[in-house]
Amino acid sequence: MSILGTRVLRTEDPRFLTSGGVYTEDVTDDRLAGACHVFFVRSPAAHARIGAIDVSAALSAPGVVAAFTAADLTDLTAIRPSGKANKRMARPFLASDRVRHVGDLVAIVVTEHAYQGEDAVELVDVDYDPLPAVVDLAAAASDEVLLHEEAGTNVAATFGDAGALDEHLFDGCEVVTTRTIVNQRVAPAPMETRAAAAAWGSDGRLTAWIPNQGAQGTRAGLARLLGVPAGHIRVITPDVGGAFGAKFGADPEHALVAWVARRLGRPARWTETRQENLIAMTHGRAQQQTVTIGGGRDGTVLAYRLEIVQDAGAYPRIGAMLPFLTILMTVGPYAIGRAESVAKSLVTTTTPVGAYRGAGRPEATAAIERAMDLFAAEIGMDPAEVRRRNLLPPFTEPHRTKFGALYDTGDYTASLDKVLAAAGYRELRREQAQRRARGDVVALGIGLSSYVEITGMGDGEEQPPEENATVEVHPDGTATILTGTSPHGQGHATAWAMLASEQLGIPVEKITLKWGDTDLVPRGGGTGGSRSLQHGGSAVRQAAQELIEVARERAAGELEANPADLRFDVERGAFGVSGDPDASVPLTRLAEQERLLVRTVFTAPGATFPFGSHVAVVEVDTETGKVALRRMVTVDDAGFVLNPLLAEGQRHGGIAQGAAQAFLEEVVYDDDGNPLTASLADYPFLSATEVPSFELADMQTLTSYNPLGVKGIGEAGSIGATPAVQNAVIDALAHLGVRHIDMPASPQRVWQALQAARESA
Amino acid sequence: MQVELGVNGEHRSDDVEPRLLLVHYLREVCGLRAANVGCDTTSCGACTVLLDGVSVKSCTVLTVQAAGQQVTTAEGLAAEGELHPVQAAFRQEHGLQCGFCTPGMVMAAVGLLSENPDPSETEVREGLEGNFCRCTGYHNIVRAVLAAAAGGVPAAGARAAATARTPAAGSERAQAGQAGA
Amino acid sequence: MIAAPFDYVAAESATHALELLDSFGDDAKLLAGGHSLLPMMKLRLAAPSVLIDIGRLAELTGIRADGDELVIGAATTHATLAASDLVRADAPLLAHSAGLVGDPQIRHRGTIGGSLAHADPAADLPMALLALGGSVEVLGGDGTRNVAAEDLFAGFFETSLEPGELIAWVRVPRRPGRAWGYQKFVRRANDWAIVGAAAIEGRIALANMGPVPLRARAAEQALAGGASVAEAAELAAEGTEPGEDLHADRGYRRHLARVLARRALEHRT
């Protein structure tokens, strides 16, 4: 009976539950003895010129070790966007002439003790000469107020040619409907904010403890920011309290903490406050989308266009480039004959936008799922039926879309049918009809989504995705795995141990996973984009298999037998000779003379495409506009499920975040660029009372791209949930004439939609 | 100023600044770092501990306010190497992923069950409204608390669960939820 | 996240607290549960140089019946109030209100006196006290004086208390068996009310419809004049000055006031 596919409890948990995780702020290490504390002075203005910065009062405050401004950073050069974003939109480490968002870095204060920092920061005096804020995307597009003079425009990137759109795209469509919708800015808000601890050794090497999603990428980021060779940097990854895409690489703050440590010749530490986190950690989503969909009254969609304006925030980061992925997934799981998609990214005087669970793909799904419902409403057809008529039929051979995505395996109609059955769709529609007939104040809404998403993409277009693993068996019967992944809640210590245990016969509790220390694991792709199991897990399994083969050769020598005659008995953890019951050697003995370990690299043929369907059931109080989420029923098919406990957990978390975007969460700026949601009291972070328990249906359509048959599950839940919930709210009010409500469906927004519908009736 | 209090059964006397928050006292002075700071607005509950047996957010209690009282943290719930029934239930039900909210969530759950030993799912969700989690979507946390309740949980901390239920707050809130306001 | 430095002294009695207030003057603030004051200090929106702790004074805690009123010590926590058999029997609106403040941890620390002194127009207890027609016993240098709920809240986060005074007890009329309604409109369970309404025996109080908790007097008068609940509730927003924020603009707040007043009058919670 294989351990794979079983609900193995996490080996990580006892520690987390008793003494607690050791996050970066908790780390105690001799190298950090006597560390000073770093605090940042941040701009309170969205857009301003800087006059004088006076740190003299701060320097006299109790415990202040030093204060630094841009003038002190002579050995750091401004950060230019990587990739294809406009390189003329440089970001200084500390502002010298200009700030471009509330929270922009202006100065550093360093204190002996953590409690002294805020006292000192308050004493730094900065002259701000306000400039007009640029918050609205139309204002940004006009280029009237430029954020980066050097660039001469606010356009950070373009994708496709907006001037070459096909004006005949919708020819022959009986029905065409178009709408500009918003995929609003949200805050990743992991429970652990950002942090760093840095110490330079006498050998000139930097050791940096940073919560991250891949130590190797963080090291590379630090090396680039500091202008130091990567070999001079060791990144150690403590426990990480959530990341959701916003802890990749290195931020200016991380580099500045290291810089302070080097300048002062003593270790330095920093922990971000929640307010800082909500205005200075990269935000997510922030796309304005114009969807146009056309087809026949029989429900066939013939054409679809998606035009995207991405809000990049003040300095282009990965968020400026995510429309590339949105475009890639434009048509989702549908067979649409004609489709096109273009995008541009604009800078605004707001927090830079980065990756957030799904990173570009939720936006694609939200757009087409809204479009499907708009089309269904236009032709008066049930939204489930419209989807069924347009889904790609099941396929087992890879299917390439016109946008260049190569879907590996998929059965989209099966997932739709499965979720509808699990939700009791017909009964729900009946209940809805009854409530409408009675004129109930509390309306019932049923919302759908069908989605496909891309996971395990790999680094560049040329490089196939890969991951490395090292497995070692010790003479004492334990084993160690080194992985290039970087778990921060996903349970890799348990999951990778399961994979090794299955091959080696060593119990899960005796297998230790190590990651996140670049001296130990110099190469790795980290954890994000739902890549870890398909690449990292496959690598672990492969390494364990290869280890058995190495061991087989040693066993053959021990037993003076032909390797081909040897059988490895997993239950006994020993090699035996066929036909000779007395001849056997345990695996652990083969590690006594010489270390028994294998390092391998697993290379995948390409990205995989998990898919699914969600049904959301909401109640909307038509007198107040308040939305209550009653049920979330989902199918999230990511191939083989290695550990159902962990897979369900990933789905739950994704569903909750996805649903939260639809009806609760939003980062809000006023017209002057002031953030209005800079605390967890103001930012409507989801609590346990706003969501129900989720109903997960199981479906496993294996991929052929790795021996396990696994795809990535981490982001799928969030991709499917958002449009299902949004569609449900609108569906609840469709009988009252409501056709669309932008996210989040806040009570006021819902009520205003109802008012507008009543007035136009 | 000098403050004396009990921490996980151990008597302590320390010299602290009046503004030293209990959470920082526990973390920095006592070396008990399970309780975490997750926000600035008394919202997230990652710092939850028991003070004389009732759950409090230690980020909004001054150490000096706790003079003469007993603090229980996640580290003090069970003996070394053992798990308190609530901790065991969290493990059994996969009620934690990154673990940052977990000690606070566990302490809030212990507090909840000491006041309401047999809560409904709604009462569990409302009882944990002051504890945020980003990873789990709360689903398995709720399962863990219900499982712990079903298995029976001994009262933790100094205060006995005198008034076990607060049905007024619970059921009326549930009605309020259904009424949509 | 960290308050500016301050000194701390634990008062040994209410009288002692008054003496301390007197000697420290404007620089001092009283501390009970600290769950209104400390969050503000941590955000550096308040920076008193001295905190006088009255949170553990036995004379300021406890709940007792006194004729046709309940007398509640100002330092009584919301949790104690919500769970009190006496309050749930005789002033269930108050118990219900206390049970909705924040979350369980906050309710274990926050006090009724602290909440009233904080005078947040969006908070539960000021609205509840106004609906119930309660009052506070204010202790000052000259002794005690009684201040009715409608006279207690002077402005946005401002009471009519003079310097050197403290709220010692809260008095609430006993109304066992009387029907009441309470509506707290929030986006998330532990939020402050976007708008709130509480109704009992022809009195309607509103939260977050102005700088102080307000009575919906036009609606009350209509009711008294024989109007139906629905008709009276239509007037709930009259005389209010709702603010605007990211959750609600003025028009929507007025609308909510009407809906919530009606639901409260229908004795719904």
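Two strands count as a pair here if DSSP finds at least two bridges between them. Strand S13 (residues 203-207) of chain C and S14(C) pair in the antiparallel sense over 2 bridges. Keep in mind for every view that this is a predicted model.

**View 1. The S13–S14 pairing sits in a four-stranded sheet of chain C.** The sheet is open and antiparallel, and its strands come in the order S11-S12-S13-S14 (chain C). Look for C:Leu206, which stands opposite C:Leu214 in S14(C). Strand S11 (180-185) and strand S14 (214-215) of chain C are the edge strands, each pairing on one side only.

**View 2. Helices H8 and H12 of chain C against that sheet.** Helix H8 (residues 124-132) of chain C lies across S11, strand S12 (195-200), S13 and S14 of chain C. Its direction is about 25° from that of S12(C). H12(C) lies across S11, S12 and S13 of chain C, and it runs at about 30° to S12(C).

**View 3. H12 again, this time where chain C meets chain A.** Here 15 residues of chain C are in contact with 18 residues of chain A. Which helix gives the largest share of the chain C side? That is helix H12 (residues 250-265) of chain C, with 4 residues. By class, the side of chain C that touches chain A has 10 nonpolar, 3 polar and 2 charged residues.

View 4. Chain C has 12 helices and 14 strands. Its radius of gyration is 18 Å, close to the 18 Å that the globule rule gives for 269 residues, so chain C is as compact as a globular protein of that length. Along the principal axes, the C-alpha trace of chain C spans about 55 × 45 × 35 Å. Some 59% of the 269 residues of chain C count as buried. Of the contacts in chain C with a separation of 6 or more, 62% come from residues 24 or more positions apart.

**View 5. A seven-stranded sheet in chain A.** Now over to chain A, where 7 strands make an open sheet with mixed pairing. Reading across, the order is S3-S5-S1-S12-S9-S10-S11 (chain A). Strand S3 (64-68) and strand S11 (233-236) of chain A are the edges, and each of them pairs on one side only. On average, and ignoring direction, neighbouring strands of this sheet are turned by 20° against each other.

**View 6. The S11 edge of the chain A sheet, with helices H5 and H6.** Strand S10 (residues 206-209) of chain A pairs with S11(A) in the parallel sense, over 4 bridges. Within S11(A), A:Ile236 is the bridge partner of A:Trp209. Helix H5 (residues 215-226) of chain A packs on the sheet and touches S10 and S11 of chain A. The direction of H5 makes about 140° with that of S11(A). Helix H6 (residues 252-264) of chain A lies across strand S1 (36-42), S3, strand S5 (105-111), strand S9 (195-200), S10 and strand S12 (268-271) of chain A. H6 runs at about 30° to S9(A).

**View 7. Where domains 1 and 2 of chain A touch.** By the domain assignment, chain A has domain 1 (284-455 + 607-760) and domain 2 (466-603). The C-alpha centres of these two domains lie 40 Å apart. At the contact, 15 residues of domain 1 of chain A meet 13 residues of domain 2 of chain A. The domain 1 side divides into 6 nonpolar, 7 polar and 2 charged residues.

**View 8. The contact between chain A and chain B.** This one takes 48 residues from chain A and 45 residues from chain B. On the chain A side, the elements giving two or more residues are helix H1 (13-18), helix H7 (274-280), strand S26 (611-621) and helix H16 (644-663) of chain A. H16(A) gives the most, with 6 residues. By class, the side of chain A that touches chain B has 21 nonpolar, 18 polar and 9 charged residues.

Terms used
Residues numbered from 1 in each chain as written. Chains lettered and ligands numbered in written order. Predicted model: local features only at pLDDT ≥ 70, side-chain atom pairs only at ≥ 80, totals over all residues. Axes fitted to C-alpha atoms, helices over the stretch in contact; angles between N-to-C directions. Contact = placed C-beta atoms within 7 Å. Nonpolar A, V, L, I, M, F, W, Y, C, P; charged D, E, K, R; others polar. Rg over C-alpha atoms; globule rule 2.2 N^0.38 Å. Buried ≥ 20, exposed ≤ 12 C-beta atoms within 10 Å, placed from the backbone. Domains from an automatic or database assignment.
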